[in-house]
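Hi,

Here is the structure for you to look over. My notes follow below it.

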Amino acid sequence: HEESAEVCRESGDRSGLATALGNLGLVVGGFGDRARAVALVGAALRLFADLGDEHGVATTLESLALAVGPGDPDLAARLHGAAAARLDALAMPLPAALA
């Protein structure tokens, strides 16, 4: 995901960069680096918001919930709810990888 992010930076692909950063955040979070995970997923969320990509925002909110979950379960629950509400408004299900 780091290489993908770099290629996206070089090519100016902001949507691809957001996806790569979000995925990288999930990976590093899985290895226990929650601070870096939250920073990476937060950067992805900002990019998707700047791009007006509502689906990207919704799924990245879910990723952020996973990243913060172990350290702040109340915030994680609110993020899960926000993601679910956005996806419902878009009439889209949560991707299976995040369910």
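Asp 13 caps the N-terminal end of helix 2, with a side-chain oxygen 3.4 Å from the backbone nitrogen of Ser 15. (Helices are DSSP runs of H or I, at least four residues, numbered from the N terminus.)

First, the basis. This is a predicted model: local features need pLDDT of at least 70, side-chain atom pairs count only at pLDDT 80 or more, and totals for chains, interfaces and linings use all residues. Residues are numbered from 1 along each chain as its sequence is written, and side-chain values use heavy atoms, leaving out hydrogens and water.

Helix 2 covers residues 14–30. Its buried residues (under 20% relative accessible area, 1.4 Å probe, protein chains only) include Leu 17, Leu 21, Leu 24 and Val 28. The buried residues pack against helix 1 (2–11) and helix 3 (34–51). After helix 2 comes Gly 32, with a positive phi near 95°.

Now the other pair. The axes of helix 3 and helix 4 (residues 54–68) come within 9 Å and cross at roughly 170°. (Axes are lines fitted to C-alpha atoms over the stretch in contact, and angles run from 0 to 180 degrees between N-to-C directions.) That makes the two helices roughly antiparallel, a term for angles over 145 degrees.

Thr 60 sits in helix 4. Is Thr 60 buried or exposed? Thr 60 is buried, at a relative accessible area of 5%. Thr 60 touches Val 41, Ala 44, Leu 45 and Phe 48, not counting residues up to four places away in sequence. (Touching means heavy atoms within 4.5 Å.)

Best wishes

Terms used. The expected span of a helix is 1.5 Å times one less than its number of residues. Buried means under 20% relative accessible area, exposed over 50%, partly exposed in between (1.4 Å probe, protein chains only). A polar contact is a pair of N or O atoms within 3.5 Å; within protein, one must be able to donate a hydrogen and the other to accept it, and residues adjacent in sequence count only if both atoms are side-chain atoms. Angles under 35 degrees count as roughly parallel, over 145 as roughly antiparallel, 65 to 115 as roughly perpendicular and the rest as oblique.
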